[in-house]
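Thanks for coming. I have one structure to go through today, and I will take it piece by piece.

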Amino acid sequence: MSVAIALNSRTPVIPGGGHGTIQEIRVANLDPKLFIEEQVRMISAAVGRNPAISALSGGVGSSAVTLIGSRALGDGLLACFIDNGLMREGEPERVVSLFGKLGVRVRLVDAREDFLEALKGIKAPEEKGEAVAQTLYKKVFGRLVRETGAKHLLQGTFLTEVDEAIGGIKRQQECFGYKILEPLVQLRQDGVRQVAEALGLPVSVYQGMPFPGTALAARVIGEATPERLALVRKATSITEECLASAGVFQCMAILHEDRVGGVRGSKREPGLQIEIRCWDIHDGRRAFPSRLDWETLEDLSLRILDEVPGVVSVTYHVAPKPPSAMEAAGDWNRGFARMEADPSCF
């Protein structure tokens, strides 16, 4: 049995049986500036003079890690935003522009064909997660590693994501020819937000809503075809725009697979159903549906019905977590990247 040490942990993480321990740093004990300085030193020591890749998605974790990595490695860090065809409207360009203003050059990698091909014919959430993870880590990052000679990949995993990984803690610390470094893995989301703020990231990032690792593929029930992704992308844009001032922790639009009854004019016309989920979070393990006023819900519903082709039904999710998961596809969205190392990948 091998032992993998989290980059900044005093406690080993032991793969085997799906269990392990990570020494948590609670917010009450967190000095963000000191934490950043420690991570800069540790990344520098781990990577040395070699190049490294940062997996930038625009979320708070990956954004914080990219800035920490930039401080540690300077031009030795290749920050990559992977355009997988599963992102929200304008997201790739928005993230690249933001980090350019922060002094970090980001390489926009067009991998849309890779991911859409990998998702063809797949309906089950866990199989989608596996397809996205294999494509990202083995094919896309594997290709980048070969091109650049990098031996390390920095990613923004934090502790709540470890807790929610399928089957407990599954560490992919060394696979596909590179090692993964997770500087934030001892922090929960509130700690990550504090670190991101201390790094100078804008409020839109450090207070931004969580977004799943499988991106919009998680928000399509059934096969995530380009056509269905376009529909849920539009519904997501409308939802986030309508609820921007609602003060919710997270909101999302989900495209269901089955058609439902509808009426167009005087004729019955089956159509698509969009489910809206909005969450107020209590902690990393519990969350409650946001109690939005009726006028807000009605306005949101009418915009989706008017602007998203083929939609005849808009519903609102009212079950708490637990027993519900926050995402319709469940924990595979947050834990997809924590795969056991596959011997065939070496």
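The side chains of Glu24 and Arg188 form a salt bridge, with 3.2 Å from N to O. Glu24 sits in the segment before α1 (32-47) and Arg188 in the loop between β6 (178-181) and α7 (189-198), so this pair ties together parts that are 164 residues apart in sequence. Please keep in mind that this is a predicted model. Glu24 counts as partly exposed, with 26% relative accessibility.

Arg26 counts as exposed, at 52% relative accessibility. In general, side chains of opposite charge can pair when their charged atoms come close.

How many salt bridges does a search of the whole structure find? The search finds 17.

Asp114 is in helix α4 and Arg143 in helix α5 (residues 125-148), so to speak of sequence, the two are 29 residues apart, and the pair links distant parts of the chain. Helix α4 covers residues 112-118. Is Asp114 buried or exposed? Asp114 is buried, because its relative accessible area is 16% and the cut-off for buried is under 20%. Arg143 is partly exposed, at 28%.

Asp114 has other neighbours too. Not counting residues up to four places away in sequence, Asp114 touches Thr135, Lys139, Val140 and Arg143. For Val140, the C-alpha to C-alpha distance from Asp114 is 8.1 Å, while the two residues are 26 apart in sequence.

The network is made of Lys234, Glu241, Arg303 and Glu307, which are linked by salt bridges.

Which residues gather in a patch of negative charge on the surface? They are Asp293, Glu295, Glu298 and Asp299. Asp299 belongs to helix α10, which runs over residues 294-307. Asp299 is partly exposed, with a relative accessible area of 41%.

Now to the chain as a whole. The protein chain has 11 helices and 12 strands. Of its 346 residues, 51% are buried. The accessible surface comes to about 16,000 Å², and 50% of that belongs to carbon and sulfur atoms. Among contacts between residues at least 6 apart in sequence, 76% join residues at least 24 apart.

Leu77 is in strand β2 (residues 77-83). Leu77 is buried, at 11% relative accessible area. Leaving aside neighbours within four places in sequence, Leu77 is in contact with Ala52, Ile53, Ser54, Thr66, Gly69, Ser70 and Leu154. From Leu77 to Ile53 there are 24 residues in sequence and 5.7 Å in space, C-alpha to C-alpha.

The second example is Gln273, in strand β10 (residues 272-281). Gln273 counts as buried, at 15% relative accessibility. With neighbours within four places in sequence set aside, the contacts of Gln273 are Ile254, Leu255, His256, Val260, Ser313 and Thr315.

Last, the backbone. As background, most residues other than glycine have a negative phi, and most peptide bonds are trans. Where does the chain have a cis peptide bond? One runs from Lys321 to Pro322, with omega near -20 degrees. Another runs from Pro322 to Pro323, and here omega is near 10 degrees. Pro322 lies in the loop between β12 (311-316) and α11 (332-335), and Pro323 is found in the loop between β12 and α11 as well.

As for phi, Ala215 has a positive value of about 55 degrees although it is not a glycine. Ala215 lies in the loop between α8 (203-206) and α9 (226-242). Ala215 is also buried, with a relative accessible area of 2%.

To go back to where I started, the Glu24 and Arg188 pair is a salt bridge that ties together parts 164 residues apart in sequence. That is what I have for today.

Definitions and conventions:
Residues numbered from 1 in each chain as written. Predicted model: local features only at pLDDT ≥ 70, side-chain atom pairs only at ≥ 80, totals over all residues. Heavy atoms only, no water. Patch = residues over 30% accessible without salt bridge, like charges linked within 9 Å, V, L, I, M, F, W, Y side chains within 5 Å. Areas by Shrake-Rupley, 256 points an atom, 1.4 Å probe, with all protein chains shown as cover. Salt bridge = Lys/Arg side-chain N within 4 Å of Asp/Glu carboxyl O. Lys, Arg positive; Asp, Glu negative; His and termini not counted. Charge placed at Lys NZ, Arg CZ, Asp CG, Glu CD. Helix = DSSP H or I, 4+ residues; strand = E, 2+ residues; numbered from the N terminus. Buried < 20%, exposed > 50% of the residue type's maximum accessible area, 1.4 Å probe, protein only. Contact = heavy atoms within 4.5 Å.
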